[in-house]
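My notes are in the order in which I checked things.

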Amino acid sequence: MKIYEKAPAKINLLLDVLRKRDDGYHEVEMIMTMVDLADRLEMEELPRDTIIISSQVGYIPLDEKNLAFQAARLIKERYDVKQGVYIHLDKKIPVAAGLAGGSSDAAAALRGLNRLWKLQIPEDELCRLGAELGSDVPFCVTGGTAIARGRGEKLEHIENPPQCWVVLAKPPINVSTADVYGRFRANELKEHPSIPNMVRALEQGSFTDICEGLGNVLENVTLGLYPEVMQLKESMIRLGADGVLMSGSGPTVFGLVSKEAKLPRIYNGLRGFCKEVYVVRMLT
Ligand SMILES: C[C@](O)(CO)[C@H](O)COP(=O)(O)OP(=O)(O)OC[C@H]1O[C@@H](n2ccc(N)nc2=O)[C@H](O)[C@@H]1O
Ligand SMILES: Nc1ncnc2c1ncn2[C@@H]1O[C@H](COP(=O)(O)OP(=O)(O)OP(=O)(O)O)[C@@H](O)[C@H]1O
């Protein structure tokens, strides 16, 4: 039997860092949501005790470094599954982009293998397993729109956020999340973005307030390292996006746009100097 799972990309509407923890991770407060740019996983049971990963792209690891491989290995170990699995990753999400592509693949593998092997693992347990694989994986297991605290694993969902267009632009640089967090200095922060304001804006469906409330304290680190990310932000604003922010540790910049009629100008303007531009919808 073959099963399929979608693995959508996430964006951070808000990312705040509270402090560095003793375990080396940072205590964060974020608001994340999914967009309809997605990888697709095809999973097929193998009679042998083995995990095989393939993909149509050549620039991601296909061995135990792949997060989908790690998800399959974890579920096999914890639930004593003797069968193996073949997972094909149809990659559409740009890699090392701040869009949680690998994390979403891992989450989709957890959801899919739970179905394939009829394990009936409840969602909160899948999230706990996901947290062992990466900080963004629990959110990717549940999807939707959520506040994420702790390392990213403590989730509180926000119901019925409004829909809007999202333009994503990824400059041709790869950013290491560990490096960005490593360079972040909490004591140099002058302002924190407001979680309550953003939650209110989402709950009330106020697009203007959502755009005003966008904030990511990691932006300054990445912008300092890569001026082209700043240029991309400025271009998106100039071309008419209503709210613009870097996602995660970057380098992808997203623009929220309420009116469809604005999209061609923004897309064409960005494509003039940035190869990877996507027009997507927020997944609500
Ligand atoms: C930047 C975000 O993507 C925003 O959603 C996440 O905070 C990072 O999520 P992720 O890529 O799943 O992160 P992980 O794979 O768990 O960690 C990668 C590295 O980022 C740093 N890291 C990550 C999460 C966190 N709360 N504090 C950290 O300091 C750590 O150095 C860690 O070694
Ligand atoms: N299934 C996968 N898809 C893409 N990259 C993967 C995968 N598994 C492991 N990786 C590795 O993870 C690294 C980070 O890729 P990913 O696309 O997940 O980053 P990201 O979008 O910045 O994630 P985040 O937003 O969670 O920090 C890549 O350099 C790649 O080598």
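**Entry 1: the domains**

I noted at the start that this is a predicted model. I looked up how the chain is divided and found domain 1 (2-157) and domain 2 (165-283). Their centres, taken over C-alpha atoms, are 23 Å apart. I then looked at the contact between them, to which domain 1 gives 26 residues and domain 2 gives 35 residues.

On the domain 1 side, I found that β1 (2-20), β2 (26-46) and β5 (145-150) each supply at least two residues. The largest share of that side, ten residues, belongs to β1. I sorted the residues of this side by type and got 16 nonpolar, five polar and five charged.

**Entry 2: ligand 1**

Which residues are closest to ligand 1? I found His26, Gly134, Ser135, Asp136 and Gly248, out of 18 residues that surround this ligand. The elements giving two or more residues to this shell are β1, β2 and α5 (177-183). By type, the shell around ligand 1 holds seven nonpolar, nine polar and two charged residues. I also checked where ligand 1 sits: domain 1 and domain 2 both give residues to its shell, so ligand 1 lies between them.

**Entry 3: ligand 2**

I repeated the search for ligand 2 and found 21 residues around it. The closest are Leu67, Ala100, Gly101, Gly102 and Asp105. Which element gives the largest share of this shell? I found that α2 does, with four residues. Both α1 and α2 supply at least two residues each. The shell around ligand 2 divides into ten nonpolar, eight polar and three charged residues. Domain 1 and domain 2 both contribute to the shell of ligand 2, so this ligand lies between them.

**Entry 4: the "binding site" annotation**

I looked up the UniProt record, an unreviewed entry, for "binding site". The annotation covers Pro94, Val95, Ala96, Ala97, Gly98, Leu99, Ala100, Gly101, Gly102, Ser103 and Ser104.

Alanine 96 is in the loop between β4 (84-90) and α2.

Glycine 101 is in helix α2. I found 27 other C-beta atoms within 10 Å of glycine 101, so it is buried. Leaving aside neighbours within four places in sequence, glycine 101 is in contact with Ala9, Asp39, Ile93, Pro94 and Val95.

**Entry 5: the "active site" annotation**

I went back to the unreviewed UniProt entry for "active site", which covers Lys10 and Asp136. They span 127 residues in sequence, but no two of their C-alpha atoms are more than 9.1 Å apart, so they gather at one spot.

I placed lysine 10 in strand β1. Lysine 10 has 29 other C-beta atoms within 10 Å and is therefore buried. Not counting residues up to four places away in sequence, lysine 10 touches Met32, Thr33, Met34, Leu99, Ala100, Ser104, Asp136, Phe139 and Cys140.

I placed aspartate 136 in the loop between α3 and α4. Aspartate 136 counts as buried, because it has 29 C-beta neighbours inside 10 Å. Leaving aside neighbours within four places in sequence, its contacts are Lys10, Ala100, Ser103 and Gly152. I had already written down Asp136 among the residues closest to ligand 1.

**Entry 6: helix α3**

Which residues of helix α3 (residues 123-133) are buried? I found Leu126, Cys127, Leu129, Gly130 and Leu133. Seen down the axis of α3, these buried residues fall within an arc of 165°, so they line one face of the helix. I then looked up what they pack against and noted α1 (67-78), α2 (101-116) and α4 (137-142).

Methods:
Residues are numbered from 1 along each chain as its sequence is written. Chains are lettered from A and ligands numbered from 1 in the order in which they are written. This is a predicted model: local features need pLDDT of at least 70, side-chain atom pairs count only at pLDDT 80 or more; totals for chains, interfaces and linings use all residues. A residue is buried if 20 or more other C-beta atoms lie within 10 Å of its own, exposed if 12 or fewer, and partly exposed in between; C-beta atoms are placed from the backbone. The arc is that of the directions from the helix axis to the C-beta atoms. Two residues are in contact if their C-beta atoms, placed from the backbone, lie within 7 Å. A residue is near a molecule or strand if its C-beta atom, placed from the backbone, lies within 6 Å of it. Ala, Val, Leu, Ile, Met, Phe, Trp, Tyr, Cys and Pro count as nonpolar, Asp, Glu, Lys and Arg as charged, and the others, Gly among them, as polar. Domain bounds come from an automatic or database domain assignment. UniProt positions are given in the numbering used here, feature names are shortened, and annotations may be inferred rather than shown by experiment.
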